Amino acid sequence: MTFDLFDNLDSPDDWRGATGATEPLADGAVVLRGFARAQAPQLLADIGHVAGQAPWRHMITPGGLRMSVAMTNCGQAGWVSDRTGYRYDRHDPLSGETWPAMPAAFLDLATRAAAEAGFAGFAPDACLVNRYVPGTRLSLHQDRDERDLRAPIVSVSLGLPAVFLFGGLRRADRPARTRLAHGDVVVWGGPARLAFHGVAPLADGDHPLLGHERINLTFRKAL
Ligand code: SIN
Ligand code: FE2
């Protein structure tokens, strides 16, 4: 008998999902438990640089609502929303400048996670960075503004744990709920590429690296 499983846990609260486990979420979707944990300090330093160049902002939905998630982007294109709709833009509308380049550690992590999930050759050109504080939620939606839907989505969780909702291809499909902890990576593509997904309102907590925040990196091939 070995205690490796327990050695992998961050805290008694992290009872679910030892580092290294791959959990199926749906046909075409997996959670890679702890896959990004070792790189997290580097990723957080890089996020600081990205947000230094392209500051966090609350975008406005086409319906005129202010999103509770604060966002920024890096890569060749960034996801933006305003009264005219959702789109990918090569420029940050706040500054008119191109978005910060995708840090090497981001690209390395995203391509390795995709390959681990069965999507070898993933070449993301856009990374949406989402910041949640307690109470922030992201309602059920599809990622469908990307040109080539053959590429998967790679989504990295850092900081406070969240309840991720992962549904089917119809908005009315009841979503599965899975807890995403610091370092967990979700990859979805193929038959799950257009699955509805979202994040339940973030519960408060105090994370050793991120305090009262959760940050999510979502990698896409957008252009
Ligand atoms: C997203 O769907 O863009 C973000 C998902 C997450 O924060 O886990
Ligand atoms: Fe999404």
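Modeller: Let's start with Arg 57, which is buried at a relative accessible area of 11% (buried means under 20%, exposed over 50%, partly exposed in between, with a 1.4 Å probe and protein chains only). Keep in mind that this is a predicted model, where local features need pLDDT of at least 70 and side-chain atom pairs count only at pLDDT 80 or more, while totals for chains, interfaces and linings use all residues. Residues are numbered from 1 along each chain as written, chains are lettered from A and ligands numbered from 1 in written order, and side-chain values use heavy atoms, without hydrogens or water.

Arg 57 pairs with Asp 92 in a salt bridge, with 2.8 Å between the closest N and O atoms (the rule: a side-chain nitrogen of Lys or Arg within 4 Å of a carboxyl oxygen of Asp or Glu). Asp 92 sits in the loop between strand S5 and helix H3, Arg 57 in the one between H2 and strand S3, 35 residues apart (helices, H or I, at least four residues, and strands, E, at least two, are DSSP runs numbered from the N terminus). Asp 92 is buried too, at 2%.

Next, Arg 220 bridges to Glu 146 at 3.6 Å. Arg 220 is in strand S13 and Glu 146 in the loop between strands S7 and S8, so this pair ties together parts 74 residues apart in sequence. Arg 220 is buried at 6%, and Glu 146 is buried at 6%.
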